[in-house]
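Reader: Could you walk me through how the helices of this model pack? I have the viewer open.

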Amino acid sequence: MNGKTATEWTYGDEHDRMAECADLIGMLVRQESAENRINALFEELVPASGKAGTVAGEIIRAVSRIAYRNYNDGDHIVIGYRNETCNPAARYLGEVAGDRVKQAIVDMWGVGDDSRYDKAVEVLEEAVLEYLEQHPELKTTANSKDMGDYRNDLEDRDFPEDDEDDYYEDEEDWE
């Protein structure tokens, strides 16, 4: 065990497993860090209701909406039930938050696989944080846009056939 890192003294399959563990730990640390930073910015910049007063606040509000809907309700941009909650936020971010954020939105648009979508949300969060770090003036730039105004009535709709309230369609299901 003369190596300086955990993977330097391992061989074969053991090395591969250790490298995968190191990658996973690194991803979790980055995710926690991004989540904590976004939460701190949310507390600082986003009001209890309505649009944010600054551009940075509205950007944080939008990325938080996408992440919250994914991690708490399993909602994805463009896919199925409740897409109307994510799509406007995604469109807003794609328009105002720079090329890397726009590409992250394009890459996650319509992704149905939960694991791939979770990773795409992480990429989006990191891209948003990077954009805000590059543009600190947005924390004090007055905001005139509301992410909710980016709704497209043709694409963004609730699908009642997926609504939990409609789960029991026949009276006999209640018996």
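Author: Just after α4, Gly110 has a positive phi of about 85°; helices here are DSSP runs of H or I with at least four residues, numbered from the N terminus. This is a predicted model, where local features need pLDDT of at least 70, side-chain atom pairs need 80 or more, and totals for chains, interfaces and linings use all residues. Residues are numbered from 1 along each chain as its sequence is written, and side-chain values use heavy atoms, without hydrogens and water.

Reader: How are α4 and α5 oriented to each other?

Author: Their axes, lines fitted to C-alpha atoms over the stretch in contact, lie 8 Å apart. The angle between the N-to-C directions, on a scale from 0 to 180 degrees, is about 170°. Angles over 145 degrees count as roughly antiparallel, so α4 and α5 are roughly antiparallel.

Reader: Which residues of α4 are buried?

Author: Buried means under 20% relative accessible area and exposed over 50%, with a 1.4 Å probe and protein chains only. The face turned away from the buried side of α4 carries exposed Asp99 and Val106. The buried residues of α4 are Val101, Ala104, Ile105 and Met108.

Terms used:
Helices (H or I, at least four residues) and strands (E, at least two) are DSSP runs, numbered from the N terminus. Angles under 35 degrees count as roughly parallel, over 145 as roughly antiparallel, 65 to 115 as roughly perpendicular and the rest as oblique.
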